[in-house]
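I opened the file to look up a few local features one by one. The entries below follow the order in which I took them.

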Amino acid sequence: MPIEKTLSDYFDTIGRDDILTGGIKMIPIQTQFGKFKVWTKRIGNNPTIKILLLHGGPGATHEYLECFDSYFPAEGFEYYYYDQLGSYYSDQPKEPGLWETSRFGEEVEQVRKALKLNKSNFYLLGQSWGGILAVEYALKYQDNLKALVISNMMMSAPAYGKYASQVLGPKLNPKVLAEIKELEAKGDFDNPRYMELLLPNYYAEHFVRIPVDQWPDPINRTFKHLNQDVYVPMQGPSEFGVSGKLENWDRISDLPKIKIPTLVIGATHDTMDPEHMRWVSTQVQQGQFLLCPNGSHCAFYDDQKIYFDGLIKFIKDVDQGTISSR
């Protein structure tokens, strides 16, 4: 075969634009408020395993997921970082009507098409808010998916609020909790004291179990780049439950409709109830559960080996047909 043909086939396989841009692609997204662009970055090349990572927030960034670079390339996986619309590397329009769960789901479908992902290779992993988005996408478009991963997200915002107030809150020092509640009652969320209390007492226990002054750079960058104009309207300003547009979000009754192989990941010290996460895995048609016993909301940092060993095994099992889509 002539060398020109070999190179042409190679470029067609991995994409000329990926070569020229280091895998970065700005994807146009059509919305009812006009066209915008979202940022994606491709790493690796694998025709049967292509993983799209959905970050949390809403309004956070892909950055805190960069630890996947320490595991996925060694496995030969192809995966995509992606900043959702409104997030730091993507367009950040000021139209409040864009921040709706259903619109974000349609955005994921447009990204899928642009990246040419399909039933034969498309794995969708959503963490935290990304887990909500992944489930919303799967309930409408699971015929495009090979497998689903729900990481660190309960399937009911009211249940999460109840767990936060009845289980996690009382674990705090009573004086600390009282001061946090006082600030919240006043709506004084911009008071520096609010984060001074939350960071060492709540985040370092349930978000990532690493002393705050030792947090990995990707996590610090994500917090620095968090878009409050997206986060607050959807999540609400409090960290003890949801009070924004997602306040009544609940997909518990719809879980049995999910027929594709699904891995649910929970962690003992998470902001999300690990027993709820275990239960979710029994409600989908082909569910598996992975518990990270030493982990928190970001178990891919504080219980890394358990998290990635379990995740990689699931992906390989699906790829090898040990677990197959119905």
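Predicted model: local features only at pLDDT ≥ 70, side-chain atom pairs only at ≥ 80, totals over all residues.

**Entry 1: helix H5**

I asked which residues of H5 are buried. They are Trp129, Gly130, Gly131, Ile132, Leu133, Ala134, Val135, Glu136, Tyr137, Ala138 and Tyr141. That makes eleven of the 13 residues, so I wrote H5 down as largely enclosed by the rest of the structure. Next I looked up what these buried residues pack against, and found E3, H4, strand E5 (122-127), E6 and helix H10 (228-235).

**Entry 2: H4 against H5**

Two packed helices are described by the angle between their axes and the distance between the axes. For helix H4 (residues 101-115) and H5 I read axes that come within 9 Å and cross at roughly 70°. H4 is therefore roughly perpendicular to H5, as angles of 65 to 115 degrees count as such.

I then listed the residues in contact. H4 contributes Thr101, Phe104, Gly105, Glu106, Val108, Glu109 and Arg112, while H5 contributes Trp129, Ile132, Leu133, Glu136, Tyr137, Lys140 and Tyr141. Sorted by class, the contact has seven nonpolar, two polar and five charged residues.

**Entry 3: salt bridges**

How many salt bridges does the structure hold? I found 24, and I looked at three of them in detail.

Glu66 pairs with Arg221, with the closest N and O atoms 2.7 Å apart.

Asp319 pairs with Lys146, with the closest N and O atoms 3.5 Å apart. Here too distant parts of the chain are linked: Asp319 is in helix H13 (residues 304-319), Lys146 is in the loop between helix H5 (129-141) and strand E6 (147-151), and they are 173 residues apart. Are the two partners buried or partly exposed? Asp319 has 29% relative accessibility and counts as partly exposed, whereas Lys146, at 11%, counts as buried.

Arg278 pairs with Glu275, with the closest N and O atoms 3.4 Å apart. Both lie in helix H11 (residues 274-283), three residues apart, about one turn of the helix. An α-helix has 3.6 residues a turn, so residues three or four places apart point the same way. Arg278 counts as partly exposed at 36% relative accessibility, and Glu275 counts as partly exposed at 48%.

**Entry 4: backbone exceptions**

Most residues other than glycine have a negative phi, and most peptide bonds are trans. I looked for exceptions.

A cis peptide bond joins Gly57 and Pro58, with omega about -5°. Pro58 is in the loop between E3 and H3.

Ser128 has a positive phi, near 60°. Ser128 is in the loop between E5 and H5, and at 12% relative accessibility counts as buried.

Asn152 also has a positive phi, near 60°. Asn152 lies in the loop between E6 and helix H6 (157-168), and at 0% relative accessibility counts as buried.

**Entry 5: Asp270**

I asked where Asp270 is placed. Asp270 is in the loop between strand E7 (261-267) and H11. With 0% relative accessibility, Asp270 counts as buried.

Leaving out residues up to four places away in sequence, Asp270 touches Asn152, Tyr163, Leu168, His206, Gly295, Ser296 and His297.

Note on methods. Residues numbered from 1 in each chain as written. Heavy atoms only, no water. Salt bridge = Lys/Arg side-chain N within 4 Å of Asp/Glu carboxyl O. Helix = DSSP H or I, 4+ residues; strand = E, 2+ residues; numbered from the N terminus. Buried < 20%, exposed > 50% of the residue type's maximum accessible area, 1.4 Å probe, protein only. Axes fitted to C-alpha atoms, helices over the stretch in contact; angles between N-to-C directions. Parallel < 35°, antiparallel > 145°, perpendicular 65-115°, else oblique. Contact = heavy atoms within 4.5 Å. Nonpolar A, V, L, I, M, F, W, Y, C, P; charged D, E, K, R; others polar.
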